[in-house]
Amino acid sequence: MDFGSQGAMRSPFSPRVRQSITGRRPLGLSSAKKNQSKFMQSPGEQTGDVVYKTPMTTIETYGMPLPVMVTEALTFASGEVSVRMSPCGWCWVVSGRRVVTWARAPSSSGTSSPAPGSTIARELTLPQTDLAHKADLVVVFYEDGAQMPSCIGVSPEGTVRYWPSVGQEGVYVDVSCELAGQECERLSDYTTDGLVLATTTCTVVMLTPTVVDGRATVACRTLRPPSGWLGGIGRRVSLLFFGSMPAHADTKLVGVVALPGSGETESSIALVSGGPALQLWRGADLHEHELRRPLTEAYARDHLAPHGDLNSLEIMALDVRASGNNGLLLLIATVNVARSPEMRYAIAHISVEDPLRPRVTSVVSARGWAGDAEEPPRFLPLAHRALLYTSKYIAIVSTTVSNDKVDFIDVCGAHDRILGAELCGGVPLLFSAKHGVLALLCHDNMVPTPSVCESPMGSPCPSDMYDGNLSLYEIDPNEVSMVTRDACGKLKTAFLFHVRRDAVSCRALVDELFPAPASLDERDVDSVLDRTVLTIATEMLDDVPAGDPRWKQRGGPATNISLGSSAALQVPVQLRDKQRAFTLFVDFLRAVGLWQRLGLVTRESGGGVISTESALGGLAEQLAIAIELRKLQQGADAQLIDAAIYQVVCGDEQSIEEEDWVEEALASGALSPSDACYRRAARAGRVLRALARAKPPVDDARQHAHHVAATIRILTKVLTSVHKVRAQWQSNGNTTPYTPSVGPRALLPALVDLHKRALTQCAHNCPEPSLRAAVYEAAGALADLVLADAQHLDRSSHTQHLYERMRRDCIQPFIDEGQVERAAALAEKFKDFELLVEMCVNSDDYDRLFSYIDKYSNEGIAEITFGWLAQRSGAHRAALVRRVAPRWGTALNAWLAAAPDRAALLALTQLQHGRHAAAANVLATLADEETASVNRMITTASLAKLCLTASDEPDAAPDTWARVEARLALGELTAALPRDIRLHHGLDDADTRVLPPEELVQMYIESESTALTEYDYKKALDLTDFIQDMERRDDLRLRVWCACIRRDDWSSCRVDAPGDELQHKMFFRLIDLVHIMGGDLELLLPPVEDILTAPELAEQVSDSRFRFIIKYGYECVDTTRNVMIEG
């Protein structure tokens, strides 16, 4: 917004409308009267000369007279002159390159050392610059133990000049900040961390005075965001509300504030731009927040309702001040362009205790002043007012009383101008070009109220406090405090003190009741604080109306105070008053710091624990249910709601036992069921459960459909209101919304049952198409709300199955009734991807399936599609390979390769894409891993061999060839097992499991069958080739030879004809067979010594004839081998 644009924004201080106010005439120093007020002055402090005076405000001189050098600089300056005052007790004027600094008082409560009682000014020279110097880039400060202050001045280009002592103007050091052309805008006051230098584009540089090699210097450290103000990728950015930074936002720096932090909270550097936007440095972390929308909504909620229009409200930040250790006060200008071009001002309090989620805690309008369009004001926060000032005007505006008059002073009319203002030691000081340092004194007859920085959003102003019917305003907390004993009573008393703006008594009670803990790391369950807060809030919603003579007031001890009791007789007004009391209580918890300490509480129903913050949000939702139900009860659906309320209070749904006198009043008719129901607003949700479970009045399909449709309409309207309250609850900084329970008496299961019943019974049996369509429409809206409420169940692995079942129960009935599009819309919104896949495949709509996969590619829908098709019949698997694989081949191959049981489909997809070698490798792996069927192993290996044969690169996979041939050989040897061995081991002739080669060899070795021949033992020797362990392989081969030897009778062998024995013994025939079939006897035939020493041949070896024949045979083998070698 252009403050230089006049238009229709006319200042109330314009000369053509300025009115004369008695006592406002500016007085010179010679004719001024002494101000007798001692407000904001210590008893021994000297009173200055009155310079400006109104009936409510006095401005008088402060401190020592200006030094002559300062007066000359102000009077004879050739260019712009700027002034700044420091809390350390010094002031300085900047004119050109000159800095003239002096102590403003003979003694000062500076941060480190007092300013000397002298009017001597010190002159310093700033660095050379092509731009204009200004006082905002100069700071005078005391370092630890120093008797004379130091000074740092920065040129607009970023040259830092540091004087260790202002008493030695010639001793200084220059350091460059290397700002790459950025213009410096503001230098903050000195803190223990150093000084903060900010540029016009919000670049931050930390300046730290230090000593290097015995010489004083300044260390410059730039805190660099990745790519400038409000831009870049990878920074930690959080928005107070959803939305992005407006493209037209003014990013010029408004102010920089250094916040010291408190306790474990680190110090912070806060920069505010005119947008408005906030840049917050907490340690090395940068947090950026767009403030336009939260400020707009907070201002509209408090000051524009019911005619507020967020889109027509323009907001700009003008000034910023620190508020405590973790807060900011922001002066904002607002214009509602849809209603009036007049500019209004407000002061917003922003808590930055949590840098990720800064919170707008209040927006207080500067009442009664429309502002000045010519020059944007700056401000100082006072106790219950705000000082808004420009170079021409001083305005004291109320921040609490709506009809309070503005007290303003026109300094321009006295040929004066204001050059600066500052709060120093709690005293608001002004600097006048004509009179120097001035002190502002207020004479206020108003009731003392906290400052704007202490007033949380939503707290009532004194003018609003006694509006309405809440009885809590009539309770004297002082009387209650004398009889309170328990935690509830004391906390209620503190709340009453807070409502009456007695901050001291409120804080004393809170500190006594709940002392600050040493650590907030762990959240206790059912602590005294949590149970007390929840009990008070629940009682507040269940309090009986004080003004209704039919209700007896709550008895019991004096501490049982009715905070939510209303004097109204109408139920809607009573509920509104309870809502207001609940809001006041929540604001109280925030204001006194108890909100951040809330932990966990046990659920009353459903089991488990929830945060106390969430439980309070649940109470706010129950109150919203009661308000909406009462509103609907006045309409066409009153009969349904009346019946449900009757069931809750007097019927089968009754879950709370009322007091005896309430039961008597209900029985006599003095109280209606509605009275009793709305009295307990904390349990209004039970009416919704009764509505959902209500049976139709008649057994007629058409009437049944009408009944269900009307019931669902009521529920959807109430649930919509609940969602709005929940969203508002979260927008106010509550990060954990209320999560509805799913116990047997919970609302969600009852709503799901109603939804299923409406579709499968009412709509299904309804003969009227239009009525059936109405039921479908109502059921769809209800399903949407129910699933939105149930989504919290999806966040925990323990309850995820409940959510999935509830989601399927809400969507599947639509499919069964032919409402596929409704089902698809719900399934897509609530991410039931498996149902979407099923609908698309069953309808053969693969184009739609592919669009879903494209849309939700990052949420796992592709993998869900693959899994659903892979687990179904052959037709679905064929669709996976033929229709899905061509579109999503890479993702499908990765998914198939992730699990061994998908290897067969992986091979098919490889074949589909013509990758035969890859398919062969997968099939070979399947054959290697097959254990259940020899036939399957042989088939798989055969397919792998076929793929290798068909591959364009048959030599590219020699290892695969070897694996395939090995599997085929093993299958062949398994199939060739002798019949006797199969019968002995119970193996099927048609097929058998894949036996390990060693186990097959053992079968041959241990077989007692006489039908075995040398050919069978040759198979056993072939099986030993599959044994990888060489020692084990040689041992098994020896045992095979020994088994072959034992098949013959060696006791009658003829030593006189050893050649004949060689022809008849199976051992030698096996040797001959191995040799004929190309076997390596040197490798396969064990040494004769091993044969003769084998334990299983001990009986045979004892016969010399056996030894002779064996050795003779080995000799013949050696001779034959030698002949072959020589030949």
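Asp1029, Glu1031, Asp1034, Glu1089 and Asp1090 gather in a patch of negative charge on the surface. This is a predicted model, in which local features need pLDDT of at least 70, side-chain atom pairs count only at pLDDT 80 or more, and totals for chains, interfaces and linings use all residues. Residues are numbered from 1 along each chain as its sequence is written, and side-chain values use heavy atoms, without hydrogens and water.

Q: Which elements give two or more residues to the negative patch?
A: Patches are made of residues with over 30% relative accessible area and no salt bridge, like charges being joined within 9 Å and nonpolar side chains (Val, Leu, Ile, Met, Phe, Trp, Tyr) within 5 Å. A salt bridge here is a side-chain nitrogen of Lys or Arg within 4 Å of a carboxyl oxygen of Asp or Glu. Helices (H or I, at least four residues) and strands (E, at least two) are DSSP runs, numbered from the N terminus. The elements that contribute two or more residues are α30 (1030-1046) and α34 (1088-1092).

Q: Is Asp1034 buried, partly exposed or exposed?
A: Buried means under 20% relative accessible area, exposed over 50%, and partly exposed in between (1.4 Å probe, protein chains only). Asp1034 is found in helix α30. Because its relative accessibility is 40%, Asp1034 counts as partly exposed.

Q: How many residues of strand β8 are buried?
A: From β8, Ser150, Ile152 and Val154 point one way, whereas Cys151 and Gly153 point the other way, and all are buried. For strand β8 (residues 150-154), the count is 5 of its 5 residues.

Q: Which residue stands opposite Ile152 in β9?
A: Two strands pair if DSSP finds at least two bridges between them. β8 and strand β9 (residues 159-163) pair in the antiparallel sense over 4 bridges. They form a hairpin with 4 residues between them, and Gly158 in the turn has a positive phi of about 110°. Opposite Ile152 stands Tyr162.

Q: What is the bridge partner of Val140 in β8?
A: Strand β7 (residues 138-141) pairs with β8 in the antiparallel sense over 4 bridges. In β8, the partner of Val140 is Cys151.

Q: Is Cys202 buried or exposed?
A: Most residues other than glycine have a negative phi. Phi of Cys202, however, is near 70°, a positive value. Cys202 has its place in the loop between β12 (195-199) and β13 (204-212). Its relative accessibility is 2%, so Cys202 counts as buried.

Technical notes: Accessible areas come from the Shrake-Rupley method with a 1.4 Å probe; for residues, only the protein chains shown count as cover. Lys and Arg count as positive and Asp and Glu as negative; His and the chain ends are not counted. The place of a charge is taken as NZ of Lys, CZ of Arg, CG of Asp or CD of Glu.
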